[in-house]
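Here is a short briefing to read alongside the coordinates. It starts with one residue and then widens out to the whole chain.

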Amino acid sequence: MSKIDDQLFSSHEHALEKEYELCPKCGCELSVRHSKHGGFIGCNSYPVCDYTRPLVQHESIETQVIPGSECPECGHELAVKSGRFGIFIGCTNYPDCKHIEKHDQEEPEDQIACPSCTTGKIEQRTNRFGKNFYACSGYPKCKFLVNYPPVAEACPECDFGILVERKGAAGSRLECPKKACKYKRTI
């Protein structure tokens with residue numbers, strides 16, 4: 001342990017900590033700063049100068065009009081756009097028309113009826129963190145959701161309308177999504 005060179009660990013010489021640029025506002029040196037939202041580049045004379053910019057510049061996709069396409073709501077052309085949840089297809093007449101097409105427009109034939117309201121269908125959705133969940137299509141009225149893929153089979157113990165498929169170290173198994181029911185069956 002005594003052969004470790006302490007100069008390797010000095011922060012002022014570390015290549016990732018310094019950005020050898022000058023601030024466009026005041027001319028001071030810029031450096032990599034850290035916040036609860038991640039790294040960014042900021043001016044060293046911070047209280048006087050408040051210049052910041054993102055550490056990584058994300059390339060934004062320009063809106064590309066799809067020739068020959070037509071919005072089903074207003075008739076304007078559709079375009080490929082980039083948003084906070086990724087790339088999507090939307091209407092070019094945006095503020096007036098808010099039509100957006102999902103990337104998976106085809107309807108699956110084996111849709112499962114919602115066991116809670118029986119009028120909606122269970123569909124796969126994605127939360128803001130990118131994780132999938134399964135919820136009723138009649139959302140504001142019916143708030144039923146499960147975190148695992150549903151199976152159109154009634155629970156033999158409590159007669160609940162669906163079972164969910166869970167994968168674990170021991171393999172896949174079907175479970176009842178109701179907390180009071182403890183039904184489990186390996187596949």
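## A strand residue and its surroundings

Ser31 sits in strand S2 (residues 29–35); strands here are DSSP runs of E with at least two residues, helices are H or I runs of at least four, and both are numbered from the N terminus. The model is predicted, so local features need pLDDT of at least 70 and side-chain atom pairs count only at pLDDT 80 or more, while totals for chains, interfaces and linings use all residues. Residues are numbered from 1 along each chain as its sequence is written, and side-chain values use heavy atoms, with hydrogens and water left out.

**Ser31**
- Ser31 counts as buried because its relative accessibility is 8% (buried is under 20% relative accessible area, exposed over 50%, partly exposed in between, with a 1.4 Å probe and protein chains only).
- The side chain of Ser31 makes a polar contact of 2.7 Å with the side chain of Asn44, and another of 3.1 Å with that of Arg33.
- A polar contact is a pair of N or O atoms within 3.5 Å; within protein, one must be able to donate a hydrogen and the other to accept it, and residues adjacent in sequence count only if both atoms are side-chain atoms.

**Ala152**
- Ala152 lies in the loop between strand S13 (150–151) and strand S14 (163–168).
- With a relative accessible area of 65%, Ala152 is exposed.
- Val164 is 12 residues from Ala152 along the chain, and their C-alpha atoms are separated by 8.7 Å.

**Annotated spans**
- The unreviewed UniProt entry lists "domain: DNA topoisomerase type IA zn finger" for residues 21–56, 69–105, 112–149 and 153–172; positions follow the numbering used here, feature names are shortened, and annotations may be inferred rather than shown by experiment.
- Residues 112–149 are 0% helix and 39% strand, with end C-alpha atoms 11 Å apart.
- Residues 153–172 are 0% helix and 40% strand, and here the end C-alpha atoms lie 16 Å apart.

**Whole protein**
- The protein has 0 helices and 16 strands.
- Of its 187 residues, 24% count as buried.
- Among contacts (heavy atoms within 4.5 Å) between residues at least 6 apart in sequence, 14% join residues at least 24 apart.
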